[in-house]
Amino acid sequence: MKPGRIPDKTEEYLKNGATQGLRNAALMDAACQMRDARWPIHLIEDLLQKRGSADGLKDAEINATIKSVMSKAPREQIGESKPRQMPTGSSYKVNYEPEPEPEPVVYALDEADELPEAMEDGAIKLLDHLYNKNDKIQIVCGKKNEDGGESPTGGNAILPISVFLEKIKQKGGAGELFSASDENGKVNQGLYFSINPLFDSKLGRKKKNVAKLDYALLEFDTISIKQQWQLIKKSKIPCASVSYSGNKSLHALVRVNAKTESEYTEKVNFLFNHFSEYDVDTQNKDPSRLSRLPGALRGDTDKEQTLLSLDIGYKSWEDWKSSLEDNFPEIMTQEDFYNEELSEPPCIIEGLLHRQLSLVIGGSSKTYKSWTLLDMAMSVSNGTDFWGMKTVKGKVLYINFEIPEYYMRERLKAISDAKGIDLPSRNLHVWNLRGRACALENIRPKFTKVMANANFSMVILDPIYKTLGNRDENAAGDINSLMNEMEHLALETGAAVVFATHFSKGNQASKSPIDRISGSGVFARSPDTILVMTEHEEEDSYTVDSTVRNFDTPKPFVVRMHFPLFQRVSSDPAKLKRPGGRPPADDCIPEVLQICRGEDFLKQTDVIKMMEENGHSQSTVKRQIAKAVKEGQLERKSSPGKPSVIRKSQEIIYVPGE
């Protein structure tokens, strides 16, 4: 029967709404008139959802009203004197603002996560989990394409889930549902199923025959299977199921639970825009789309389609959307935290650095820090040792803010030759941005977008001061915000962030390694790994002190420059270069103890004079004597009006019985 006309007052309501106090009644009346005129249910829901929402009614009220009206049989249609064109959603303008499209999000992805084991009886578990027994779907076979791929065949019967479940059980698996074969006699060229329930077989698998708009199909083709699985987990999208297609993609069915076609379109567009940095397959916007059914063997790959997981991520679309708006992770109980699926970030440099973390190299001015960073980049990109430490081969992005391109290329050639690398590594990428540097927060989104799908292990920023912007390197707040930007970059890209910075002026030997770096102490305390290179007493040599957050602390070692590379040597790392060649203050105590080794007390002033004759300052000796007394290495006696006397602490011999 052809759809009929609706009363003028109903048209007026759809255009302008109803006044407060009459909104529910007007909604009920409009639903009745549209039902009686035999308008399609999806159009009734679409228009009344928009109208009711614009009037301030809650979704639950609107849905309950429509459901109540549609449960009753239509009344006789209003007569009309001339044919009327089928109404469309655009015929009535409603003051309705769609959700704004979100900014694309980038997640830190790597190859750390293994896929879960395939679930047994995947087809049965999937269908039983997704649908009610009376829901109807279509299952079809695949066929070979001319290009060797596979695509679904024409329509098969649309049957209730209960019928399909029974057939699968009787035949011993989904792969035995059909006996179709190609010209070579190959059976079951993969299986597909309609992701949303359908009405009946008469209209086939078309959008207008979709009975419920529960699921959207999410699929990626350009990132690895492991990265797809990690992306689905990290984004926490409300997935009802995740299956392996038997080729290069996972199929995730996302719970959208749309009430109308327009709501479904909005949610799918939001979903695809959210993942647009990962080349999401936008052909899956249609609610009548097919997905791979677990339990069958693909004909083009001879790999099994399997079910990997059920119900991961947030429980509903609303919960997931809410999490995006506040941009904070949920609070977990200790039990939930223990049960959270977490994987250790992959190691890049053995005992020193993981992906997603940060490393800083500190050293005096003109101590080959950029050469060291290039050596590290070349080592990781080729999987060769760095300063005697093993590396895991991976892609490295070197962002060069300072060195002219010609000289940068010459440096890379020199390091390649020195390391014995014949061919330039395809894993090492250089981004020359001399003259384009600015505050890190302004260029980080660009870095993140460039690195989104590239799976870099490491990104090196050289030199870091070029990204300060208006920050003061001596202000803790300014440098803390810079370090936060680096953490964001690491988390968004999955790469370790590496940079170098310089020492403060003057000799550094008397300072703790972590205090030698210039500027705010945040520079030396925020990164996860700190390498401090301090001048050694041997020429062209440096002692390397390491501070690490996630490994056992490495022992200090010495590297010597054999241009253009530092090489690890066996020199004593404690012998740092000191001004005037004078021994370090801590070395005074052994000399004092040697002078005071007898049983008699000596005047402290006499000991100080002897130490001064050996090249030590009076103030230093006084401090060292006080330290030795405090540590119990020296005994000191003081009497009013008399000089203090000291001697080496006498050993106390314990005699049993005394």
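Strand 12 (residues 358–363) and strand 17 (residues 529–535) pair in the parallel sense over five bridges; strands pair if DSSP finds at least two bridges between them. Gly 362 has Val 532 in strand 17 as its bridge partner. The model is predicted, with local features requiring pLDDT of at least 70 and side-chain atom pairs pLDDT 80 or more, while totals for chains, interfaces and linings use all residues. Residues are numbered from 1 along each chain as its sequence is written, and side-chain values use heavy atoms, without hydrogens and water.

Both strands belong to an open sheet of nine strands with mixed pairing, in the order 14-13-15-16-12-17-18-19-20. Its edges are strand 14 (428–432) and strand 20 (565–569), each of which pairs on one side only. On average, neighbouring strands are turned by 25° against each other, direction ignored.

Two helices accompany this part of the model, with contact meaning heavy atoms within 4.5 Å and angles running from 0 to 180 degrees between N-to-C directions of axes fitted to C-alpha atoms, for helices over the stretch in contact.

| Helix | Strands | Angle |
|---|---|---|
| Helix 13 (residues 440–451) | touches strand 13 (395–400), strand 14 and strand 15 (456–462) | about 150° with strand 15 |
| Helix 14 (residues 476–493) | lies across strand 15 and strand 16 (496–502) | about 150° to strand 16 |

Met 332, Phe 337, Tyr 338 and Leu 342 make a nonpolar surface patch of about 460 Å². Leu 342, in the loop between helix 10 (334–339) and strand 10 (347–349), is exposed (over 50% relative accessible area, 1.4 Å probe, protein chains only), at 62%.

Terms used: Helix = DSSP H or I, 4+ residues; strand = E, 2+ residues; numbered from the N terminus. Patch = residues over 30% accessible without salt bridge, like charges linked within 9 Å, V, L, I, M, F, W, Y side chains within 5 Å. Areas by Shrake-Rupley, 256 points an atom, 1.4 Å probe, with all protein chains shown as cover. Salt bridge = Lys/Arg side-chain N within 4 Å of Asp/Glu carboxyl O. Buried < 20%, exposed > 50% of the residue type's maximum accessible area, 1.4 Å probe, protein only.
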